[in-house]
Amino acid sequence: MGHEALAGVAKLFGLLLLRELETETLRSLSDPVLSEILKGSGITMPEESELEELAADFFEYFVNPQQGAPLVQSISEGGSYEGDPARDVRKIADAAGVELDPTHLMGAPVDHLAVELALWSVLVERDRSAAVEFTRRHLVWSLPRLRDNERQGFYGNVCRVVADFIEAIGKAS
Amino acid sequence: MSSPKKPESPIPEATSAPKKTSRRQFLKLGSALAAAAAAGTLSGCVGQGSTKPLSKADNLAVWRSGTGQPYKVGEIKMPGVCDLPGPFKKTRFPDPDKYKNTEQVHGLCQLCSSICGITGHVKDGRIIKVEGNTNDPNSRGKLCARGQSALNHQYHPERLLHPIRRVGERGEGKWKRISWDEALTELAERLGKVRDSGDHEEFAFHQGRNRSKDAVSNFLRAFGTNTQLNHRGLCSAARRAANLTYLFESDWDLGDYENSKYVLNFGSNMFEAHQGHIPGAVRLQRGRFNNGAKLVTFDVRMSNTAGNSDEFFMPYPGTDGAIALAMAHTIIKEKLYNAEFMATWSNATVDEIWEQVEPYTPEWAGQLSTVPAADITRIAREFAAAAPRATTMCNRGSSAHVNGYFNDRAIGLLNVLVGSVGKPGGWCWMFTGGYDNKRFKPPKGAPKPKTKSLLADPPEFILANRWNTMRVGEIVYWYLAQERAKLQVYMTYNLDSPMTWPEMNVTKNVFLDEKKINFHVCINPFFNETASFADMVLPWTTYMERWDVDARGAYNLKPYLSMRRPMIKPLGEARDVRDFFPDLARRIGGGMEEWYPEDQTVEQYMTEFTKDVPYDADKYDSPMDFLEKVGAYEDPDQAKYYEPYLVPLTEKQLAGSTVDPETQIITKDGKGIGILQGGTAVVGFKTPSRKLEVKSEFVARVARNQDVTDLVASANSKGSNRPEHHKPYNYEVSPWPIYMQIEEHLGLDSDQLVMTSFKWNVHNHGRTANLKWCSEIVHSNPAWLHPDTAKRFELEDGDWIEIIGYRSKSVDRCLPSLNLGSGEIQDKLQIPVVITKGIHPGAIAISNSLGHFEYSNVAQAKKDAKLSGQSAGMNPTGYRDPDWERNMWWQDDSNGDRKKWQRNTGNGWAQNHVLPISPDYISGQQAFNSTVVRIRKLS
Ligand code: SF4
């Protein structure tokens, strides 16, 4: 019970970490009920006029290669792209019949946290023990990365809340 | 389907963060998301997968197959990570399973211009090892340290994987990610406007290194611009011009070192860095070990090549030509020359040459160069005695000087005198600098446009574009600064000019000026210094992710052809120009699209390109199949390019020809085809005289802007008149190999020295400091000073100096129109010194390659990204590279305080702060090694 709901949350977080907030997504999330709940969860939705500035934040926080910031497990654990986590995620996705289409992933490596959250959302509805194992192997790594307190504003909040989410799903398992 | 037993929680207890969002809140959020219409637009980035539930067996299999075998070694699980001894030392080395069941994909390295053959071992979609391809006829399976660091490059954590667009001021460092669609739409619009303006040449493509020549040319030609810029002037222009003066046919000498008995090296560092580095070094060592070849080196600095030579002399900078001319003097005076060869193949007689070289005595050269006259004489004798299996070898050490063209002309003369030209073990060349492009042609591309580009063919430089295109790269930013040209769109490609071009501040200022460069798009696999001054940066593929047909000067003296092919899919959103130029051309339209068939993939294009490559049909399905399995093709039946001038003309060739009774030159339809020698009609040299051009009327005439149509017709190979826009720039240039004194080297003050530059064996000029294995070996580059010099300045090892660089008096006198002057350049450089006898007392040497201010934390020697000075978005936890954290010991924590600086820490110093723009008016060569500097000790 509740797995579908959590799967939806994981998908949303995956989306927010995968790409810059766009007008369409912002409008969808600005539904009064939803935005109130998001606010209660710690995420205040920005104004449309802030999107350009937020895209620059997104670059600095998640893309800028010089900061070593991309939320990629292989980098976080091993210092290079395409380490063992990438191989493992690919195998898990294969077994689950999930296609990791680079176009949809916007070029994100398969072990980017956004992709891993999305994959978790598929697993949790299918096989809880697999999802638990997946959390252990492919989500928990991100906690120190998400918990750093130097990210500000919208994406700072998203990171903190995603960290809470990963903790919550981990503890509940 | 799910496990009955509650799995253990993977989350460690008691992480403390205030006001955490609870599971209940997440459930509520989930329900709201599901209920809201928003759910439709918020689908995730992966699909739902198969509907089949995962069986327990599936599940277990997944986890088992997903565990880190076989790459897991101790705590470190990464391919490309060197496990050094220490707390995490390897416990299972070598891993017996590591290379089992790998797919082997052949390709070509591109970490320097030698393009050695490589083989990637690919497993689970990842390259786990790159080694030399033993089938490559040029590099023969050998790689240097750079090539061995391929995985550092490929999987670097700081690779740029997405197109980005600046959102702040240019150079401010504020960016956002954009999609390829957005990037190409904007680019097409801007390039379309350039075409509409009619000033096509205001779109410049500036390559640092381009091995996809066909793809780039097709795009630029289809667009209609000739402003394709390169770094030839900063590399080898003088050497090429000197070779072309003698040969016309080729700009590149390929000493037959493997079969040689004597190699006379003027400042080439073949063992560390050279355009033919590994292929040349492999053969040179074989020549030494197998034939007992003697290697004698003249170099201002003790390079690894110099140090590994049989004899090494340290001449004063820029005097290589004087030494060579004194050797020529000895060879003629003592009648050690090859009289028969000279009589047959030199266009000047020995007496005429003697008239030129008589004043150049060994004593005179000894005084200038500080090399003992007796040694110059002795080595001249030895060289002549070893001929014809004797060859000179030279490169930037002799040619990257204000007088570089004449230095290399003088060095070339030695081979002519002893008759080793084109002989086994002698001074050789090839009819092509790459694959045989008469035999293998890329699919038809757009024709060359007629537009005139001032940047591509600057009028002051006599020989830069007379035979081949040798762009005078170092004046590009100066021309823009002087408003002699402007650019609407500037596309940089694999270019690191802020680090490698002289006068970094000139480059930076031009980059920042939107009036001079209206829009700058940078194509690079990393966010380098060039990218930091761009408006848009496009993530480029690595050389392990793209296609090319390629080859370099073949040291086997027969042409070969190699293929670079993708070993894996590009990471992230990286794309190659072969992939996105067609899309961009179609978006620009206006006829450009015609050159890009809609339905042709890059692989299909390559198939067409290589369709004529012979293959053994018993073993392979097609040329592509052969190239895939072998990697390279060399014609086993082709003879080595020895003595090509002796090839007889056929009756068919001779039919309808005439012979000039005076010169014996054979002409057909107004064009030279050969020469009559001893009654035999042979091809001869492809020069105006059909002989080696010791005296070059061509050079003297083009320098004066006189018509050389008759000479070009007689050569019937290369060469052209200078175009109309060169007309105001006329010079008197000697047709002979002479010594040209560098004016500014005379009468130096006691605190002045000549600054020279060099490359390391683990770095190229500006693109390898991001490789952690290479940077661990070399990351710091104090200036080299001789102990006598250090004593004069009261310097000790590790003391700091300030360097002021001066522009060249010679350059200013020869090229007044550039308005360079001969004064101090703006920047100064503060650098520590290392005191060593391995440098001439009159010189100071600083390496290039280091001192980056972008290009990854590795290149900046920042173990802790917090020190990068870019606070926005700083992530203190950052990425974790256990290898980097454990082994990165050279971070400089002195924070600019010289007293606290520890030796061998930091990321080095960029020499180009004090390196003046200094082009040779003849060839356009940047004089990297002639700079007069003033130094002072810092307290
Ligand atoms: S010499 Fe080294 S860097 Fe250059 S192509 Fe060969 S292996 Fe690569």
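**View 1. Gly805(B), a buried glycine in a strand.** Gly805(B) is buried in this predicted model, with a relative accessible area of 0% (buried means under 20% relative accessible area, exposed over 50% and partly exposed in between, using a 1.4 Å probe and protein chains only). You'll find Gly805(B) in strand 24 (residues 800–806) of chain B; helices (H or I, at least four residues) and strands (E, at least two) are DSSP runs, numbered from the N terminus. Gly805(B) touches Gly823(B), Glu824(B), Ile825(B), Val914(B), Val932(B) and Val933(B), leaving out residues up to four places away in sequence; contact here means heavy atoms within 4.5 Å. Pro916(B) is 111 residues from Gly805(B) in sequence, yet their C-alpha atoms are 6.7 Å apart in space.

A word on conventions: residues are numbered from 1 along each chain as its sequence is written, and chains are lettered from A and ligands numbered from 1 in the order in which they are written. Local features need pLDDT of at least 70 and side-chain atom pairs count only at pLDDT 80 or more, while totals for chains, interfaces and linings use all residues, and side-chain values use heavy atoms, with hydrogens and water left out.

**View 2. The ring pair Trp180(B) and Phe580(B).** Searching the whole structure turns up 55 aromatic pairs over all chains. Rings of Phe, Tyr and Trp (its six-membered ring) pair if their centres lie within 6.5 Å; planes under 30 degrees apart count as stacked, over 60 as edge-to-face and the rest as tilted. For Trp180(B) and Phe580(B), the ring centres are 4.9 Å apart and the planes are at 45 degrees, so this pair is tilted. It links distant parts of the chain, 400 residues apart: Trp180(B) belongs to helix 5 (residues 180–197) of chain B and Phe580(B) to helix 21 (residues 577–588) of chain B. Both Trp180(B) and Phe580(B) are buried.

**View 3. The ring pair Tyr477(B) and Tyr490(B).** Here the ring centres of Tyr477(B) and Tyr490(B) are 6.4 Å apart with planes at 90 degrees, so the pair is edge-to-face. Tyr477(B) sits in helix 17 (residues 476–481) of chain B and Tyr490(B) in strand 12 (residues 487–493) of chain B, 13 residues apart. Tyr477(B) is buried at a relative accessible area of 2%, and Tyr490(B) is buried at 0%.

**View 4. An aromatic cluster and a charge over Trp540(B).** Ring pairs join up a cluster that includes Trp180(B), Phe219(B), Trp540(B), Phe580(B) and Phe581(B). The charged end of Arg546(B) sits over the ring of Trp540(B), 3.8 Å from its centre; the test asks for NZ of Lys or CZ of Arg within 6 Å of the ring centre and within 35 degrees of the ring normal.

**View 5. Helix 6 against helix 21 in chain B.** The axes of helix 6 (residues 213–223) of chain B and helix 21 of chain B come within 10 Å and cross at roughly 10 degrees. That makes the two helices roughly parallel (angles under 35 degrees count as roughly parallel, over 145 as roughly antiparallel, 65 to 115 as roughly perpendicular and the rest as oblique). Axes are lines fitted to C-alpha atoms, for helices over the stretch in contact, and angles run from 0 to 180 degrees between N-to-C directions. Among the contact residues are Val216(B) and Phe219(B) of helix 6 of chain B, and Phe581(B) and Leu584(B) of helix 21 of chain B.
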